Amino acid sequence: MSRAGKAATSSDTDTDIAPGGINAPESTEFDAQPQDTGASTGGAGVGSRGAAAASAARSGADVARSGASLLRNAAVGLVTALRRPLASFHLVLGLTAVLTVMGLIMVLSASSVEDISATGSPYDKFTSQLIYVGLGVVAFIVALYLRPALLRRVALGGVLVSIALLAAVLVPGVGSKVGGARRWIDLGGFTLQPSEIAKVALILWGAHLLADRGRRGNLKELLLPLGPVVVLMAALVVAEPNQSTAMIIVAIGAMLLYYAGLSSKLIASLIVVFTLLGVFFALAEGYRSARVQAWLGRTDDALGANYQSNQARYSLADGGLFGVGLGNSTAKWSYLPNAHNDFIFAIIGEELGYLGAGVVILMFGILTWVGMRIAGRVADPFLRLMAATITTLIALQAIINMGYVVGLLPVTGIQLPLLSAGGNSVILVLFMMGLLANAARHEPEAIAALAGGRESRAGRLLRLPKPLPYVPPRPDRPSGRGAAPRQPRPMPARRGPSRPAAPSPYDRHPYGDENLTRRQAPRRELPPMRSQGRTSEPWRGQRAGSQRTAPQQRRRGQEKGRRAW
């Protein structure tokens, strides 16, 4: 098209969109306005600035109101979710899954460098940990199917088996000696650690033993036979030697006694005694004494007893607030020993920063709160003691591990639950979490919801059995040979005709049938029914009537009259 044609076309288009044309816009809001000059320009500028300030203030207020509304709605939603019958069960499932997956990721990150230098593959320890986690998931699911009655029946056998294993591990040729300690039994590719089994067995047996003795039992019933068994287990574990696990076993016994109703003063005195014994055993052994001296700051051996704790603190300092990034840790390059096991919290702090370490601490805090919530809600005293002890044990292990990583406690071998690499520990911790989830399904509201068909997706997928309500046991019969003497039946006290507490609006004669019986004609008595059998035994109604007393017959007649009306 030529320039003249283009000019003609543009002039036609301008004519069409001009005001009053065919394609003219209906609104002139966005048309260019002439600029004012002089005083009107200054007034308009001041007005525009005032309008902008007012608009900013209104927008800030709107943002504040919307933020407050979001927080209020979030709080209401959280409270509503926590009031659901299966909220505790879902919280245990979610926290266990998150911590377990996070543990696998951090084990892979912390052990990859050493695995490459040792085997050429970065997945050696990660593969082993993945297998152990798979076995732990199976143990978790099995724990969901176990009834409390079955757990109580096998509790004594579990304690006896664990004591036998603790004694067998000390026998040369049965227990394998690694690093100067006999703590494992080699079963051909799989190592069994009896001290970890002893923790779970002691919790179940102690809860079973004290469930019927707590709150009403005296001191002798609470301490015997639990006290001697705890001392025997701790002595066998110290002989391995493994003092940290022995102290955990003693702590489990103290938790059971405390939650069963033993006085706080006696618990405090027992803690003081066993603490003094722990200090004595710690100073009696050379390597344990060196750890305590390093913790107290009395040694300056940077490459000796202080090396591991110093490297852990350096890792946390390198991480800062946001961390150096997942997989970018420097300490795992053979600077920090046992980075994937005992000191994995230092790798978490270095790679994920203080925020990641704070999230881990927060998850353990929520798990502790949920466990105590379950222990406070269940009606079965066995499940209450078991849930409270399991929760306190996991929280105590987490506190000890994080404490010696940051330098608040001397270095021990206590692992971080669900996060540290380990075979027996991760399997048994997942089993204990399954027991805790099983106890959450036995809350009264959860039992009612599950009986009404409100099963969760996990329950429907696993076909979990419905929990049974707790039935308190019958009172114990008096001891002695033979049957208990039969108590005479007390005679009913003579009293007048019973009257309801308040008259019913649907009853024409609320306070008896005396007036009604006077006005009615005497009722014709029907002959009793004949016996259906060939015996001379009276029929059921006649036998029941002959066994009633006169006041009972009179009250029965009055009740029949009220029902008729």
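Good morning. The largest cavity in this structure is lined by Leu144, Leu146, Arg147, Asn438, Arg441, His442, Leu464, Pro465 and Pro467. Its volume is about 60 Å³, and the structure holds three cavities of 30 Å³ or more. A cavity here is a set of points, on a 1 Å grid over the protein atoms alone, where a 1.4 Å probe fits but cannot get out; lining residues have an atom within 4 Å of a point. Grid points are joined across faces, edges and corners, and a volume is the space filled by probe spheres set on the points.

Before going further, a word on the source. This is a predicted model, in which local features need pLDDT of at least 70 and side-chain atom pairs count only at pLDDT 80 or more, while totals for chains, interfaces and linings use all residues. Residues are numbered from 1 along each chain as its sequence is written, and side-chain values use heavy atoms, with hydrogens and water left out.

One of the lining residues, Arg441, also takes part in another contact. The charged end of Arg441 sits over the ring of Phe89, 5.4 Å from the ring centre. The rule for this contact asks that NZ of Lys or CZ of Arg be within 6 Å of the ring centre and within 35 degrees of the ring normal.

I turn to the salt bridges. Side chains of opposite charge can pair when their charged atoms come close. A salt bridge is counted when a side-chain nitrogen of Lys or Arg lies within 4 Å of a carboxyl oxygen of Asp or Glu.

In one, Glu196 meets Lys199 at 3.4 Å, N to O. Both residues belong to helix H6 (residues 194-211) and are three residues apart, about one turn of the helix. Helices (H or I, at least four residues) and strands (E, at least two) are DSSP runs, numbered from the N terminus. Are Glu196 and Lys199 buried or exposed? Both are buried. Buried means under 20% relative accessible area, exposed means over 50%, and partly exposed is in between, with a 1.4 Å probe and protein chains only.

Another salt bridge joins the side chains of Glu351 and Lys332 at 3.7 Å, N to O. This pair links distant parts of the chain: Glu351 is in helix H13 (residues 344-377), and Lys332 is in the loop between helix H12 (307-319) and H13, 19 residues apart. Glu351 and Lys332 are also buried.

A further pair is Arg377 with Glu445, at 4.0 Å, N to O. Arg377 lies in helix H13 and Glu445 in helix H16 (residues 444-451), so the bridge ties together parts that are 68 residues apart in sequence. Salt bridges with shared partners join Arg377, Glu443 and Glu445 into one network. Arg377 is partly exposed, at 32% relative accessible area; Glu445 is partly exposed as well, at 43%.

Next, the sheet. Strands of a sheet pair through backbone hydrogen bonds, either parallel or antiparallel. Here three strands form an open sheet in the order S1-S2-S3, with antiparallel pairing. Strand S1 (175-178) and strand S3 (191-192) stand at the edges, each with a single partner strand, so one side of each has no neighbour in the sheet. Two strands pair if DSSP finds at least two bridges between them; S1 and strand S2 (residues 181-186) pair over four bridges. Which residue in S2 is the bridge partner of Lys177? The partner is Arg182.

Finally, the backbone. Most residues other than glycine have a negative phi, and most peptide bonds are trans. The peptide bond from Leu224 to Pro225 is cis, with omega near 0 degrees, and Pro225 lies in the loop between helix H7 (219-223) and helix H8 (226-238). Glu240 and Pro241 are likewise joined by a cis peptide bond, with omega about 5 degrees; Pro241 is in the loop between H8 and helix H9 (243-260).

Asn338 has a positive phi, near 55 degrees, and lies in the loop between H12 and H13. Asn338 is partly exposed, with a relative accessible area of 37%. Leu418 has a positive phi of about 70 degrees and is found in the loop between helix H14 (381-406) and helix H15 (424-440). Leu418 is buried, at 6% relative accessible area. Thank you.

Note on methods
On a 1 Å grid over the protein atoms alone, a cavity is a set of points where a 1.4 Å probe fits but cannot get out, and a pocket is an open set with protein on both sides within 12 Å along at least five of seven lines; lining residues have an atom within 4 Å of a point.
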